[in-house]
Amino acid sequence: MSEISYYSPEGLKKLKEELVHLEQVERPRVTQEIADARDKGDLSENAEYHAAKEEQSHLEFKIAKLKNVISNARILDESQLDTSKILIHSNVVIKNTTNGMEFKYRLVADSETDVRNGKLSVNSPIGKGLLGKKVGEIAEIQVPSGIMKFEIVEISR
């Protein structure tokens, strides 16, 4: 059974647009590449044909995976969420208790993750460690390099 993921309206729209692009632009392009390579003769020794078939296989897998994500996606009504604790789609400011550095993140679904733009997956070690915490609490998070401690400075929507 697939896991339900929660998205912002913009995030779900982006996923749907990517699916349309893959189905209406990339799939016909790859199909044409296969047809062009097939026209070149013996398929057993045709590297272009095998490469195009491989690309088609990867593309179809990606399309199926994206359809599954979209079918299990739910739009989150942020107005109904408790703003006193960290949940998906929370904007958080955290401070590393070791060096005092502050970070600002928005917790999002896996496919919306973009750490460079401050979007952190709720399924990442830090995301999981922050869920449910309130302002003033210390989150002790197990990361590959050891345990990091973050103070929750601010939570907003």
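Me: The lining of the second largest pocket divides into 1 nonpolar, 4 polar and 6 charged residues. What makes a residue count as charged or nonpolar here?

Reply: Asp, Glu, Lys and Arg count as charged, Ala, Val, Leu, Ile, Met, Phe, Trp, Tyr, Cys and Pro as nonpolar, and the others, Gly among them, as polar. The lining includes Glu10, Lys14, Arg106, Glu112, Asp114 and Lys119, and these residue types belong to the charged class. Val108 is also in this lining, and Val counts as nonpolar.

A quick word on the model: it is predicted, with local features needing pLDDT of at least 70 and side-chain atom pairs pLDDT 80 or more, while totals for chains, interfaces and linings use all residues. Residues are numbered from 1 along each chain as its sequence is written, and side-chain values use heavy atoms, leaving out hydrogens and water.

Me: Why is this space called a pocket, and what does its volume stand for?

Reply: On a 1 Å grid over the protein atoms alone, a pocket is an open set of points with protein on both sides within 12 Å along at least five of seven lines, and lining residues have an atom within 4 Å of a point. Volume is the space filled by probe spheres (1.4 Å) set on points joined across faces, edges and corners.

Me: How do you know that the second largest pocket lies between the domains?

Reply: Domain 1 (5-75) and domain 2 (78-156) both contribute to its lining, so the pocket lies between them; the bounds come from an automatic or database domain assignment. H1 gives the largest share, 3 residues, and strand S4 (102-108) supplies at least two. Helices here are DSSP runs of H or I with at least four residues, and strands are E runs of at least two, numbered from the N terminus.

Me: What makes up the lining of the largest pocket?

Reply: The lining has 21 residues, with Ser5, Tyr7, Val69, Asp110 and Ser111 nearest the centre. Strand S1 (5-7), helix H1 (9-38) and helix H2 (47-71) each give at least two, and H2 has the largest share with 5 residues. The classes split into 10 nonpolar, 6 polar and 5 charged. Both domains line the largest pocket too, so it lies between them.

Me: Why is the chain said to be more spread out than a compact globule?

Reply: The chain has 3 helices and 7 strands. The radius of gyration, taken over C-alpha atoms, is set against a globule rule of 2.2 Å times the number of residues to the power 0.38. The chain comes out at 22 Å, well over the 15 Å that the rule gives for 157 residues, so it is more spread out than a compact globule. Its C-alpha atoms fill a box of roughly 70 × 35 × 30 Å along the principal axes.
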